[in-house]
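Open the structure in your viewer and keep the selection tool ready. We will go from stop to stop.

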Amino acid sequence: MATTSPEWQAVDYPPRYLAEKRSAYAIPLVKSKRGLIIAGSILAAAIVLVAIVVPIYFVVIKPKSSSSNNSSGSPSSPTSTSTSSSGQPASDVVTGGNGSTITMEDGTTFTYLNPFGGTWYWDPQDPFNNNAQAQSWTLPLNQTFRFGIDKIFGVNLGGWLTTEPVSCAPALYQKYPTAIDEWTLSEAMAADTSPGGGLSQLETHYQTFITEQDFAEIAGAGLNFVRIPLPYWAIEVRSGEPFLPKTSWTYFLKAIQWARKYGLRINLDFHALPGSQNGWNHSGKFGSINVLYGPMGIANAQRSLDYIRILAEFISQPEYQDVVIIFGITNEPQGTPIGQDALSRYYMQAYDNVREASGIGAGNGPFISYHDGFLGLPQWAGWLPNADRIALDDHPYICFDGQSSAPMSSYAQTPCTTWGGMMNTSMNAFGFTAAGEFSNAVTDCGLYLNGVGLGTRYEGTYTPGTWPVIGSCTPWTDWQSWNSTMKSSIEQFALASMDALQNWFFWTWKIGNSSTSGVVESPQWSYQLDPRVASGTCANQGIWSPPLQAWQTGGAGAGQIAAAVTSSYTWPPAQISNAGAVSLLPSYTPTGTVATLPPPTFTYSSGHAVKTASAGDGWENPSDTASGMVGIASCSYLNPWIGTAAPPSPLCSSGAAARAVPAPLITPVARHQS
């Protein structure tokens, strides 16, 4: 999800959501708006109370018990156990279905509700067993997901490991009036020495905002994927960066364990990059773009590519590759200011980094997902032919464009007439295409939806004088007063969206209550439908017919990219927007130590001995030995988050002044070719 950047207003660049007004998506404002926002808060079942074919198994903002995870930066040893509904000892029960009882790490229990034939599986003595199945229509984890044939019915876990004011509990931000993003939230928390203060509040949020029960309920809702936004500070921070380092990685490891237990697959989304790839609050710091843009644009991109490599090495290990099967390498880069040429070269180098870690061909690491950069899906048609398992990610939001007084009922067929054909075309012209984010919102009404203190376009308070007043947001946010027409209209819009997009991730699973009103104030950002009911809603628009080409799914020809193509995307680019020639900008050199992400620890008793299960060492390809990108002692650097500024002068001391940006040390190899 994106917000707006004052820098882009200053240079007449539209905010991210306005930038989506590309011709491919244009919709007459009188009739409709584009985009979907799937906010999967459990609150929706009680908020919307939509009467659909199958029952809904959630209540609004279910109370969550804190788990007893440790607070160190290293992974904790999972201790989840399970009991059957008959009270069979936990040590004897490793699987169950609808109605079975689950005991979480903190000892609290809940009933597993899955009327769709899903089964969980967890055996502490076999922690990498992939027998679980989310629903009867979803293949269990021990069978290969067939991209282009099997459908992705997914939901985002927004605001969990990468916080943002609207998606996580707004109260987390409301406690600190100066907090507008995780940077300022972290600073405010660290400065708070009162009881209950401190940066450790973020770990409390990780522990309580999303728990094992959420994963069980996601499977029980008929969903088969989760998209998990992860920030770079899950790996490390550098000098002056206030984020809580490494701790969120511990909880991502728990997410893998819980997804495995309930048969869910993960799309790991690299959501926040050093310097910020878009200048929005969910990238870590609200303000300016500093990846592939501005004087620190190349240095931050080099650092980001290192982190992509580190994550790829971990998730490509055999213990994890059947659970984490999609890797979104950069969330929502601002393609217009960055430029498609620089973005394409960065994407090509990211591809090389991932495939060096995983190898080439089906069964070797994840699909690589590229966001379209708000340039539009047609701009990527035919890009990188014969690349091994790549996907295109689009976020078709409506609510951040021009606002309309039209009622919700007028949007019933908007997704079908707008997105269905768009997705079909991209599946043919590019390959596998999915909506990584969408929602039910058609206005920008909602607490902190545009950012803290930024108001709304609908009420004319967002950049006052720019947007005409359409009306009051109350009818859109006061879900307790919605009538049957409003509820059925939202349901119809959601079903049409799901059918048109075909493979999708709703934003988001959970929205927290406001600390002032005590209720959810962004109700159209919550999930609550059986996705199968959507099938056929857009019957007159047609749905893409499988299969994808063999090379697109890791089969024959995968990875055999023509030299003429790769030579068009050599790294680094010669120029960086708003900065100039790369050779005149600060850059890093590959002489540093590369971080290795720690695996989880699983211990269990066997007879009189305590054994530890092998969980990998965090690095799939031992031949991937390139060093990490770090500063050059004789050169000068700006703050990675500086925004618009002149490069240092002189850039380096006389002994290093004539240096060039180092060429990449990683090129793809056909390891483990299938």
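**Stop one: the disulfides**

The model is predicted: local features need pLDDT of at least 70, side-chain atom pairs count only at pLDDT 80 or more, and totals for chains, interfaces and linings use all residues. Residues are numbered from 1 along each chain as its sequence is written, and side-chain values use heavy atoms, with hydrogens and water left out.

Select Cys416 and Cys538. Their sulfurs are joined, 1.9 Å from S to S. The torsion about this S-S bond is about -75°, so the disulfide is left-handed. Cys416 sits in helix α12 (residues 414–429) and Cys538 in the loop between β13 (504–506) and α15 (563–566), so the bond ties together parts that are 122 residues apart in sequence. Helices (H or I, at least four residues) and strands (E, at least two) are DSSP runs, numbered from the N terminus. Cys416 is buried, at 1% relative accessible area. Buried means under 20% relative accessible area, exposed over 50%, and partly exposed in between (1.4 Å probe, protein chains only).

Next, select Cys445 and Cys473. This disulfide has its sulfur atoms 2.0 Å apart. Cys445 and Cys473 both lie in the loop between β12 (433–435) and α13 (474–477), 28 residues apart. Cys445 is buried at 5%, and Cys473 at 7%.

Now take Cys635 and Cys652. Their sulfur atoms are 2.0 Å apart in a disulfide. With 100° about the S-S bond, this link is right-handed. Both cysteines are in the segment after β19 (628–630), 17 residues apart.

Which pattern do the disulfides follow, with bonded cysteines counted along the chain? The pattern is 1-4, 2-3, 5-6. Cys399 is in no disulfide; the nearest cysteine sulfur, that of Cys445, is 9.5 Å away.

**Stop two: salt bridges**

The count comes to 14 salt bridges. Each is a side-chain nitrogen of Lys or Arg within 4 Å of a carboxyl oxygen of Asp or Glu.

Select Lys254 and Glu105. They meet in a salt bridge, 3.3 Å from N to O. Lys254 belongs to helix α8 (residues 247–262) and Glu105 to the loop between β3 (101–103) and β4 (109–111), so the pair ties together parts that are 149 residues apart in sequence. Both Lys254 and Glu105 are buried.

Move to Asp388. Its salt bridge with Arg355 has the closest N and O atoms 3.2 Å apart. Arg355 is in helix α11 (residues 340–358) and Asp388 in the loop between β10 (367–371) and β11 (390–394). Asp388 also meets Arg389 in a salt bridge, at 2.8 Å.

Then highlight Arg227, Asp269, Asp393 and Glu437: a network of salt bridges links them.

**Stop three: the core**

The largest nonpolar core has 154 residues. Such a core is a set of buried Ala, Val, Leu, Ile, Met, Phe, Trp, Tyr and Cys residues joined through side-chain atoms within 4.5 Å. Those with the most contacts inside it include Trp160, Phe215 and Phe327.

Which helix gives the largest share of this core? Helix α9 (residues 297–315) does, with ten residues. Select α9: 19 of its 19 residues are buried.

Finish on Phe327. Among the residues it touches are Asn267, Ile308, Leu311 and Ile315. Contact means heavy atoms within 4.5 Å.

Terms used. Disulfide = S-S within 2.5 Å. Lists of a residue's contacts leave out its neighbours within four places in sequence.
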